[in-house]
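The following paragraphs lead the reader through a single structure, one region at a time. Please keep the sequence and the model in view while reading.

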Amino acid sequence: MREGAIPISPARLRQRRMVNLVMTGLCTAAALAALLVLALILWELVIRGAGALSLDVFTRATPPPGSRGGLLNAILGSLSMTAAAIAVATPVGVLTGTWLAEYGRDSRIAGIVRLFADTLLSAPSIIVGLTVYVLIVVPLGHFSGWAGAAALALIAVPVIVRTTEDMLALVPDQLREAAVALGMPRWRMIAGVTWRAAASGILTGVLLAIARIAGETAPLLFTALNNQFYAYDLSGPTPSLPVVIFQFAMSPYRDWQDLAWAGALLIAAGVLLLSVTARLISARGRK
């Protein structure tokens, strides 16, 4: 026993070990239960979804009941709205996160911005959809893919904001001080030093934002609605994979239900791919 250490009786030591053993067992059991549920969900998704996959899923539009068809129009609509949302959310989120990390920091305004970002991050997506419905859909008088993209952008922005701020906060201040000592203006220091140092983390945040909005259904029901045909113009009702999955899964038609399983598998595979890519980029950035 070290000099000055408080002595512990053998009974007390055994009690602590027992408590530690019990808590470790409970935590392990909870983790295994969660993994079991996730594995069952993924197993059901793979079995049903893989059986429904075919070339028609990627080459044909959504069909009427009893007809041959696929999900191509819904896939293209989802990609279009997601791309438009990320194109808006990325610069807004990165610049806001940069201001919080480099300029605002502990100021009162920065605290308010963080509060709004955290609130929007945890807000139910259906609330975002209703807000965009009131602000965009009602004044325009019709549903549109642009309204859907706006709702998805509102969901993606706080994810990028918080990730960007956290990644920039990890950049050592010594790098900033060295750049300023060389005569760099502050904007040049941010663009040339801190952004480059945190680039992998910021890109990871963007990928996580894409994964976050890829499967959103509720906001699109109130904004983009749906379309059974190809929608090359986002100014009208636009098909999307999550909404098609929702509608086809609720239908009594077996062929529509099979397409819903195929679409759910596609979204799950896409989200998994984005998550793995984000982890690989983050791990490479730490090296």
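How many residues does helix H6 have, and how far does it reach from its first C-alpha to its last? The structure shown here is a predicted model, and in it H6 runs over residues 145-169, which gives it 25 residues. From the first C-alpha to the last, H6 reaches 36 Å, close to the 36 Å expected at 1.5 Å a residue.

Attention may now turn to the largest pocket. Its volume is about 370 Å³, and 15 residues line it. Those that lie nearest the centre of the pocket are Leu 79, Ala 214, Leu 266, Ile 267 and Gly 270. Three helices each supply at least two residues of the lining: H3 (72-104), H9 (199-214) and H12 (254-286). The largest share, six residues, comes from H12. What classes of residue make up the lining of this pocket? Twelve of the lining residues are nonpolar and three are polar, while no charged residues are found there.

Is Ser 251 buried or exposed? Its relative accessibility is 8%, and because buried means under 20%, Ser 251 counts as buried. When neighbours within four places in sequence are left aside, Ser 251 is in contact with Trp 256 and Gln 257.

Two residues from the earlier part of the chain come next. Ala 50 belongs to helix H1, which covers residues 10-52, and with a relative accessibility of 42% Ala 50 counts as partly exposed. Not counting residues up to four places away in sequence, Ala 50 touches Leu 45 and Leu 265. Ala 50 and Gly 263 are 213 residues apart along the chain, yet their C-alpha atoms are separated by 10.0 Å. Phe 58 lies in helix H2, residues 55-59, and is likewise partly exposed, with a relative accessible area of 40%. With residues up to four places away in sequence again left out, Phe 58 touches Leu 53, Leu 72, Ile 75 and Leu 266. Leu 266 was named above among the residues nearest the centre of the largest pocket. Phe 58 and Val 276, by contrast, are 218 residues apart in sequence and 24 Å apart in space, C-alpha to C-alpha.

The final point concerns the backbone. Most residues other than glycine have a negative phi. Which values does phi take at Arg 105 and Leu 225? Arg 105 has a positive phi of about 50 degrees although it is not a glycine. For Leu 225, also a residue other than glycine, phi is positive and near 60 degrees. Each of these residues is placed in a loop: Arg 105 between H3 and helix H4 (108-122), and Leu 225 between helix H10 (218-223) and H11. Arg 105 is partly exposed, with a relative accessible area of 35%, and Leu 225 is partly exposed as well, with a value of 34%.

Technical notes:
Residues numbered from 1 in each chain as written. Predicted model: local features only at pLDDT ≥ 70, side-chain atom pairs only at ≥ 80, totals over all residues. Heavy atoms only, no water. Helix = DSSP H or I, 4+ residues; strand = E, 2+ residues; numbered from the N terminus. Expected span 1.5 Å × (residues − 1). 1 Å grid on protein atoms, 1.4 Å probe; cavity = no way out; pocket = protein on both sides within 12 Å on 5 of 7 lines; lining within 4 Å. Points joined across faces, edges and corners; volume = space filled by probe spheres on them. Nonpolar A, V, L, I, M, F, W, Y, C, P; charged D, E, K, R; others polar. Buried < 20%, exposed > 50% of the residue type's maximum accessible area, 1.4 Å probe, protein only. Contact = heavy atoms within 4.5 Å.
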